[in-house]
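Colleague: I have a structure to read and would like to learn how its features are described. Please show it to me first.

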Amino acid sequence: VCSMGNSSSRLYSALAKTLSSGAVSQHQDCLLQPDSARLDPIDPKDLLEECQIVLQKRPPRFRRNFVNVKKNATSNHRPIRVMQWNILAQALGEGKDNFVQCPMEALKWEERKCLILEEILAYKPDILCLQEVDHYFDTFEPLLSRLGYQCTFFPKPWSPCLDVEQNNGPDGCALFFVKDRFELINSANIRLTAMKLKTNQVAIAQTLKCNETGRLFCIAVTHLKARTGWERFRSAQGCDLLQNLKSITQGANIPLIICGDFNAEPTEEVYREFSNSSLNLNSAYKLLSPDGQSEPPYTTWKIRPSGECRHTLDYIWYSQHALNVNSALGLLTEEQIGPNRLPSFHYPSDHLSLVCDFSFNQDPDRLL
């Protein structure tokens with residue numbers, strides 16, 4: 001354990017704190033929100049400095065640049081920065097995913113959590129949507145709430161993390177937004193169905209009011225069923241999520257942003273369902289392509305015993321007539337990722353983070 005210095009020992013104790021696995025093993029209790037309101041706020045610069053001290057023996061973070069995708073964008077308000085990221089559940093990374101080229105040393109939670117926090121702190125999202133969160137109560141909720149975020153977590157009903165010895169409870173989706181910028185109007189935890197049966201996959205959908213503009217919008221986060229052979233299942237889950245979101249947004253009267261690991265390439269039916277939905281959605285990262293019509297070549301890249309896996313699975317969907325994408329964070333290049341792929345000492349997850357800056361269309365009466 002690195003010495004953090006007397007002035008920041010209290011902050012480091014928050015960063016280093018780890019719950020025993022038994023404290024969260026009863027995952028039915030994970031829907032209860034802890035009370036962190038009495039804890040002192042954290043200066044993000046101080047937390048970033050603490051993370052960098054923990055990571056001083058690791059290679060520095062890769063620098064990624066934002067790409068302006070809307071030329072001559074003008075807006076009367078600050079853009080809303082949204083970050084989407086499957087951060088890789090710790091129990092799965094160490095116990096199930098078999099990243100054959102990734103040293104176990106690179107997966108140590110004490111350091112990997114600092115890499116995750118460093119990425120979040122570097123991009124300062126106003127809204128953060130995460131999947132595979134299995135350290136919500138001992139890491140993300142305590143720290144991000146003290147950074148000014150309102151925090152929500154919805155675990156999978158039966159998480160594969162629970163099959164791993166010494167797990168930290170179930171993984172699930174988590175949604176965080178900056179309380180100073182937004183007011184929570186409505187929140188829904190959704191257990192997705194397929195063929196009228198409840199499934200193990202979930203979503204969170206929250207209606208927020210932007211304090212600067214007074215405008216409402218809905219932000220949703222989800223993680224669909226993984227693996228080849230489950231395409232129809234994912235399609236059914238996607239249809240169920242879209243139906244829920246149509247109701248929540250009053251048939252697209254409220255602008256919508258959906259972040260998720262869909263576990264689906266753009267060739268899958270669930271992708272077409274979102275593209276052709278009456279909610280009039282577009283995928284933000286298509287705008288990085290020369291013609292604005294093609295998804296990135298990959299959002300995840302890993303090596304397992306079965307071979308190398310390079311796929312586009314992660315998306316940020318948005319109401320394209322109500323919202324503008326001003327800029328998007330460029331992806332890591334193949335050279336940056338390196339021959340051993342992800343995760344690594346450089347990067348904490350097998351999925352890349354996606355970050356977009358949104359603004360409202362200046363004509364609020366324009367039809368969606």
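Colleague: Which residues form one aromatic cluster?

Modeller: This is a predicted model. Its cluster is made up of Phe 262, Tyr 271, Phe 274, Tyr 315 and Trp 317. The search of the whole structure gives 19 aromatic pairs.

Colleague: How is a pair of aromatic rings described?

Modeller: By the distance of the centres and the angle of the planes. Take Phe 274 and Trp 317: their ring centres are 5.6 Å apart and their planes are at 40°, so the pair is tilted. The two residues are 43 residues apart and link distant parts of the chain, with Phe 274 in helix H7 (residues 269-275) and Trp 317 in strand E13 (residues 314-319). Tyr 315 and Trp 317 also form a tilted pair, at 5.9 Å centre to centre and 40° between the planes.

Colleague: Are Phe 274 and Trp 317 buried or exposed?

Modeller: Both Phe 274 and Trp 317 are buried. Tyr 315 is buried too.

Colleague: Where does the charged end of Lys 225 sit?

Modeller: Over the ring of Trp 230, 4.6 Å from its centre. In another case, the charged end of Arg 341 lies over the ring of Trp 301, 4.1 Å from the ring centre.

Colleague: What volume does the largest pocket have?

Modeller: About 850 Å³. Its lining has 32 residues, and Lys 225, Ala 226, Arg 227, Asn 263 and Arg 304 are the closest to the pocket centre. Among the elements giving two or more residues to this lining are strand E7 (197-210) and helix H6 (231-248).

Colleague: How many residues of that lining are charged?

Modeller: 14 are charged, with 10 polar and 8 nonpolar.

Key
Residues are numbered from 1 along each chain as its sequence is written. This is a predicted model: local features need pLDDT of at least 70, side-chain atom pairs count only at pLDDT 80 or more; totals for chains, interfaces and linings use all residues. Side-chain values use heavy atoms; hydrogens and water are left out. Rings of Phe, Tyr and Trp (its six-membered ring) pair if their centres lie within 6.5 Å; planes under 30 degrees apart count as stacked, over 60 as edge-to-face and the rest as tilted. Helices (H or I, at least four residues) and strands (E, at least two) are DSSP runs, numbered from the N terminus. Buried means under 20% relative accessible area, exposed over 50%, partly exposed in between (1.4 Å probe, protein chains only). A charge sits over a ring if NZ of Lys or CZ of Arg is within 6 Å of the ring centre and within 35 degrees of the ring normal. On a 1 Å grid over the protein atoms alone, a cavity is a set of points where a 1.4 Å probe fits but cannot get out, and a pocket is an open set with protein on both sides within 12 Å along at least five of seven lines; lining residues have an atom within 4 Å of a point. Grid points are joined across faces, edges and corners, and a volume is the space filled by probe spheres set on the points. Ala, Val, Leu, Ile, Met, Phe, Trp, Tyr, Cys and Pro count as nonpolar, Asp, Glu, Lys and Arg as charged, and the others, Gly among them, as polar.
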